[in-house]
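Here is a short note to read beside the model. Please keep the 3D view open as you go through the points.

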Amino acid sequence: MRSFKEIKEHYNFTDEDAQRLVSLKPVMESRDQEIAGALSSYIMSTIIGARLLTEDARRTHLFEAQQQWFLAMFEGNYNNKYYEKLIKIGIVHVKKAVDAHSLNRAVNIIRSLCVDILYTQKKPAEEILADILSFEKILDMNLDVMTSSYIEEEIRNYSSLYRIKSALVDFSEKFLQSANLVLVLALIGLTLGAIALFLTDIQKLFAGDLENGIISALGSLLIIWVMIELMNTEIYHLKGGKFRISVFVSVALVAVLRETMIAALKHDQSVMMGYLIAAILVIGFVYWIIMQGEGRTG
Ligand code: HEM
């Protein structure tokens, strides 16, 4: 929190302003009932004010407290005690859950009334203007200190929430990195497995089973191709690119294609062949639709 000295410097609040405010005390004292009355009326018109201030004794106490606060602005003692009192008032409002908006509006009411009073003084215009400016400074400083309690409360809430949130984000990020590592390692393992499958198919080919060998090897090649596509997608995704769901559909498509090719080789005429062809058509159609969507979103 800023020191009061710093706040006064920022508002360019000088000794001349302090003296001017002291000189305004008689005029303001003669109207303090009216001002505190306007403030009370406003407070009682708000939901929170009406809810909290149901007892007469409490309302009277508040009325007096507000009168004291108002007159203290024209007493010239703008020291640390004054500052601490304002902080205390701010804290009371935060604790009573009076929102900062209502406090701002209440200050706005006081400002309008006081500017009106100062404006109708019988004084040269420059003097009136200087009075208004000094009054505006002390009122703004008051509002500044009182509302700083709200800001600090917000920061406190925010910082504890923020700490939980950032710990959660950190954890999720680390978990995601580990999951990605597992995925990449699994993809490498599966690609090696597909290469091993391809090599066994080639072995069949050299063993003289030409027809079986070629078709099986082609199927294995298809799987290797899809594995490479999957790895490419994962790398692209890790670099921040968009996730391509079509690659996963193509895995399913290639797996069924391979099954069909093998079944065809065995001259399989069973209903299984019909299911495989139907599956190719359905997966192929889904693949086409997804590709259209991915093409459109780039
Ligand atoms: C210019 C604006 C305001 C000033 C200067 C002001 C001033 C004060 C002061 C001096 C107190 C007594 C603090 C203490 O016990 O130490 C107080 C209390 C309180 N104020 Fe304000 N107030 C303002 C606006 C509001 C508004 C807008 C509301 C509600 C909408 C409000 C509701 C209350 C309530 C509920 C209390 C506690 C009363 C109690 O429990 O005894 N105030 N206020």
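Which residues is Leu21 in contact with, leaving aside its neighbours within four places in sequence?

1. **Leu21.** Leu21 is in contact with Met73, Phe74, Gly76, Ser134, Phe135 and Ile138, leaving aside neighbours within four places in sequence. Two residues are in contact if their C-beta atoms, placed from the backbone, lie within 7 Å.

2. **Ground rules.** This is a predicted model: local features need pLDDT of at least 70, side-chain atom pairs count only at pLDDT 80 or more, and totals for chains, interfaces and linings use all residues. Residues are numbered from 1 along each chain as its sequence is written.

3. **Make-up.** The protein chain has twelve helices and zero strands. Helices (H or I, at least four residues) and strands (E, at least two) are DSSP runs, numbered from the N terminus.

4. **Overall shape.** The C-alpha trace of the protein chain spans about 115 × 35 × 35 Å along its principal axes. The radius of gyration is 39 Å, whereas a compact globule of 298 residues would have one near 19 Å. That radius is taken over C-alpha atoms, and the globule rule is 2.2 Å times the number of residues to the power 0.38.

5. **Burial.** Of the 298 residues, 16% count as buried. Buried means 20 or more other C-beta atoms within 10 Å of the residue's own; exposed means 12 or fewer; partly exposed lies in between; C-beta atoms are placed from the backbone.

6. **Main core.** The largest nonpolar core has 20 residues, and Leu21, Leu39, Met73, Phe135 and Ile138 touch the most other members. Helices α4 (32-45), α8 and α9 (125-206) each supply at least two residues of this core. Its largest share, six residues, comes from α9. A nonpolar core is a set of buried Ala, Val, Leu, Ile, Met, Phe, Trp, Tyr and Cys residues joined through C-beta atoms within 7 Å.

7. **Ligand shell.** There are 23 residues around the ligand; Thr46, Gly49, Ala65, Ser102 and Ala106 come nearest. A residue is near a molecule if its C-beta atom, placed from the backbone, lies within 6 Å of it. Helix α6 gives the largest share of the shell, six residues.

8. **Helix α10.** Does its length fit, or what span should we expect for residues 210-238? At 1.5 Å a residue, the 29 residues of α10 should span 42 Å, and the end C-alpha atoms are 41 Å apart, which agrees. The expected span is 1.5 Å times one less than the number of residues. Just after α10, Gly240 takes a positive phi of about 100 degrees.
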